[in-house]
Amino acid sequence: MPTDPLEMTRELAERAAAVLAPETDLFEDSDAAGLRAALTSALRAAALHPVGPARAALSLGSRLARIPLTATRRFLGQDAQPPVAVDARDRRFAAVAWDANPAFYALRLAYLAGAEFARDVVTGADIDADDARKARIMVDLLIDALAPTNFLATNPAALIRAFETGGASVVQGTRTFLDDLVHHGGRPRQVDTSGFTVGGNLACTPGRVVHRNALMELIQYAPQTDEVQAVPLLCSPPWINKYYIMDLAPQRSFIEWAVRHGRTVFAISYRNSSREMAATTMDDYLVHGPQAALDVVCEITGAATVDIVGLCLGGAMTAVTAAWLAGAGDSRVGTLTLLNTMLDYREPGALKAFTDQRTVERLEKKMARTGVLEGESMAGTFDVLRANDLIFNYVVSNWLMGQQPPAFDILAWNADSTRMPAAMHAFYLRHFYVRNDLARGTLELAGRRIDLSAITVPTYVVSAINDHIVPWEAAYETVNLVSGPVRFVLGNGGHIAGIVSPPGPKAWHEVVDPDAELPGTPGEWRAAATRREGSWWEDWTEWGRASAGPSVPPPQLGSAAHPPSGDAPGTYVHT
C-alpha cells in the first residue's frame, strides 16, 4: 500500500467502491450532493498542506506498531491498553472472537486505527464548511464499507455459521446476493414484506373514504366508543412517505389509539406522484390537502374547530395551514400536534449536506428530466446517513450469514416508497432548507405570507432523541416561532420509531412542568426536563382531552355532500 496519505486514501476509496459496486443507485444519489467531489477536494487540500496528514500518518504508524504486542499480551492473559479507542457498543464486533482471538483482535484494532487516520486527514483539510461536512460523510461511508465484518473471510460470526451449516449459509447468501443484484438494484433487502398487506395487517383501522380529489383521499374512521369528544381530529401525514405510518398495525397505530380514546379521527392519504403531476406545487398541497380536508371535516361533523396532528413534512404543512388560516381570520384550527417536525431549518442536522444550494440545483436538473424525485433516491440518501444500520447490517446478515431479512412492520412501510412532484420538491428544498423562509417569515403560499407567530392555539410538539432526520434541537425551535402555549415532549426512538410509540416497558418521555415557562434554548429545556416512564401517546391524550370538547354521540360516517365511496385505506395508498 502507498505511504503517501493522498494515494493511500484514494486506494481505500477505490477498494470501498469495489465493495459497493452493486450499490450504483446509492452512489448516484450520493453524487447528487457532491460527496465524492467534496472528498476529492479534501484530499487535494491535504496533499497541498502535508503537515497534518504527516502527523496523522505518524500516529497511525505508532498505533499499528503497538497492536501485535497488545494482542499478544491479551492472549497471554495480561492487561493491555489498546492503542486506539474501542467502542464496546459497536454491534459489528459483538462476536466473542473479536476479543478472544488475537488475530481478529488485531484486525479490529488495525481497522479502527486506519479509520481514525482517514478521518484525521479529511477533517484536518482546509476546505469550506459545506465541502468539509460532505467529505466527512463520504469518508465515513467508505470506512463503514471497508469494515472487516463486511467480508466473509474476516467475519468470525459468518465463518462459524458457515461451519455449523456445512456451507449452506454461504450458498444461501450467494443466492440472496444474486437475487438482490437482479431484482433490488444491488442493495440488500431490509425487510421481508411477504407477510404484510396494506388494508390487511397494515393500515387496517376500520373507516371509509369520504372525500377524494386529484391530490388526496380523506378517510373517516369508524367510532369504537359509545361517545366521542366533540372536537374531531385530522391527521396530516407527509407525502414523502405513505400515510399509514400513523395507522401502522393493530396495537401499534396512533390513529387506532386516538379512536379508542374517544376521538373522531380523519386522515389524509396522498396520491403517489407521477410524471403527469410534475407541475404540482406546494400551493396545491396546501389548498387541496389540509385546507380541503378541514372543509370536509367541518361539514361532516358540524364542528366549529378541528384539532390537527401533523407528522414531519405533514407537520410543517399543518403549521403553514394554521398560520395561513389565522392570517385570514379563520379560527377553525383548535389545537396543533407536531410530530418530529422542523419549522426552523437553520440546523437540519445531517441532511444539511444534501440540501445546500449546489445539491438542490443538481436535483432540479435531475427532476426536470423525470418530472418527479423517485422514492429510491430519497431512500438512498437516508441509507447513506446510517449506512451501518441500513446497508451493511443487511450485507452481513443476508449475504454473509445467509439469513432472511426480518419481517418488521416499520421496515415494510419504509419500503413502500413514494415519489415527489418536481415543482413542489424543488420549492420545498429551496424555500425551506436553503433559504429558511418559513422561520424567517418570508414564505408565501397561495397568495399569502406565512407568519408562524399568528399561531396562538395550544401546540403539542413531539421529538425523538435519536431522530437523524429532524434533530430534536431543531424541532425545539418551534417554541420560539409560535405565539400560543406549547408543550414540548422528547421521547425515545428515532424519526419513525419515535412516532410508533405504544405504551410499553421501553417507552419513556421527557417533559417540564406544564406551568413552567419554556426556556428559549433546547439545552436549557433539557436541563429542566424530567424523565417519565410511559409513551408520549398517553401524555398527549391527557393534554388534548382538556380542549377537545364535551362527550357527544359519534357523527355518522360521511354526509349527503360527502358520501362514503369505499373502505379504508382507500385507493391512493396502493398507487
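Tutor: Helices (H or I, at least four residues) and strands (E, at least two) are DSSP runs, numbered from the N terminus. Gln251 accordingly lies in the loop between strand S4 (233–236) and H10. The model is predicted: local features need pLDDT of at least 70, side-chain atom pairs count only at pLDDT 80 or more, and totals for chains, interfaces and linings use all residues. Residues are numbered from 1 along each chain as its sequence is written, and side-chain values use heavy atoms, with hydrogens and water left out.

Student: What is the average pLDDT of the protein?

Tutor: pLDDT is the predictor's confidence in each residue, from 0 to 100. The protein averages 93, and 95% of the residues score at least 70. Over residues 8–30, however, pLDDT stays under 50. For that stretch the model has 49 contacts beyond four places in sequence, a contact being heavy atoms within 4.5 Å.

Student: Why is Gln251 called exposed?

Tutor: Buried means under 20% relative accessible area, exposed over 50%, and partly exposed in between (1.4 Å probe, protein chains only). Gln251 has a relative accessible area of 53%, so it is exposed. Its phi is near 70°, a positive value in a residue other than glycine.

Student: What makes Ala203 buried?

Tutor: The relative accessible area of Ala203 is 2%, and therefore Ala203 counts as buried. Ala203 is placed in the loop between helix H9 (168–183) and strand S1 (207–212), and has a positive phi of about 50° although it is not a glycine. Most residues other than glycine have a negative phi, and most peptide bonds are trans. A cis peptide bond, with omega about 15°, joins Ala568 and Pro569; Pro569 lies in the segment after strand S17 (566–567).

Student: Why is the pair of Trp257 and Trp537 called tilted?

Tutor: Rings of Phe, Tyr and Trp (its six-membered ring) pair if their centres lie within 6.5 Å; planes under 30 degrees apart count as stacked, over 60 as edge-to-face and the rest as tilted. The structure holds 24 aromatic pairs. For Trp257 and Trp537 the centres are 5.7 Å apart and the planes form an angle of 50°, which gives a tilted pair. Trp257 lies in helix H10 (residues 254–260) and Trp537 in helix H21 (residues 536–545), so this pair ties together parts that are 280 residues apart in sequence. Both Trp257 and Trp537 are buried.

Student: How do you know that Tyr476 and Phe488 are edge-to-face?

Tutor: Their centres are 4.9 Å apart, with 80° between the planes, and the pair is edge-to-face. Because Tyr476 belongs to helix H19 (residues 472–476) and Phe488 to strand S13 (residues 486–491), the pair ties together parts that are 12 residues apart in sequence. Both Tyr476 and Phe488 are buried. One aromatic cluster is formed by Phe254, Trp257, Trp536, Trp537 and Trp540.

Student: How do you know that the charged end of Arg448 sits over the ring of Trp324?

Tutor: A charge sits over a ring if NZ of Lys or CZ of Arg is within 6 Å of the ring centre and within 35 degrees of the ring normal. The charged end of Arg448 is 3.9 Å from the centre of the Trp324 ring and sits over it. Likewise, that of Arg74 sits over the ring of Tyr105, 4.4 Å from its centre.

Student: Why are H13 and H17 called roughly antiparallel?

Tutor: Axes are lines fitted to C-alpha atoms, for helices over the stretch in contact, and angles run from 0 to 180 degrees between N-to-C directions. Angles under 35 degrees count as roughly parallel, over 145 as roughly antiparallel, 65 to 115 as roughly perpendicular and the rest as oblique. The axes of helix H13 (residues 357–370) and helix H17 (residues 422–434) come within 10 Å and cross at roughly 175°. H13 is therefore roughly antiparallel to H17. The residues that make the contact include Val360 and Leu363 of H13 and His425 and Leu429 of H17.

Student: What makes H3 and H7 roughly perpendicular?

Tutor: The axes of helix H3 (residues 35–48) and helix H7 (residues 129–145) cross at roughly 100° and come within 7 Å. H3 and H7 are therefore roughly perpendicular to each other.
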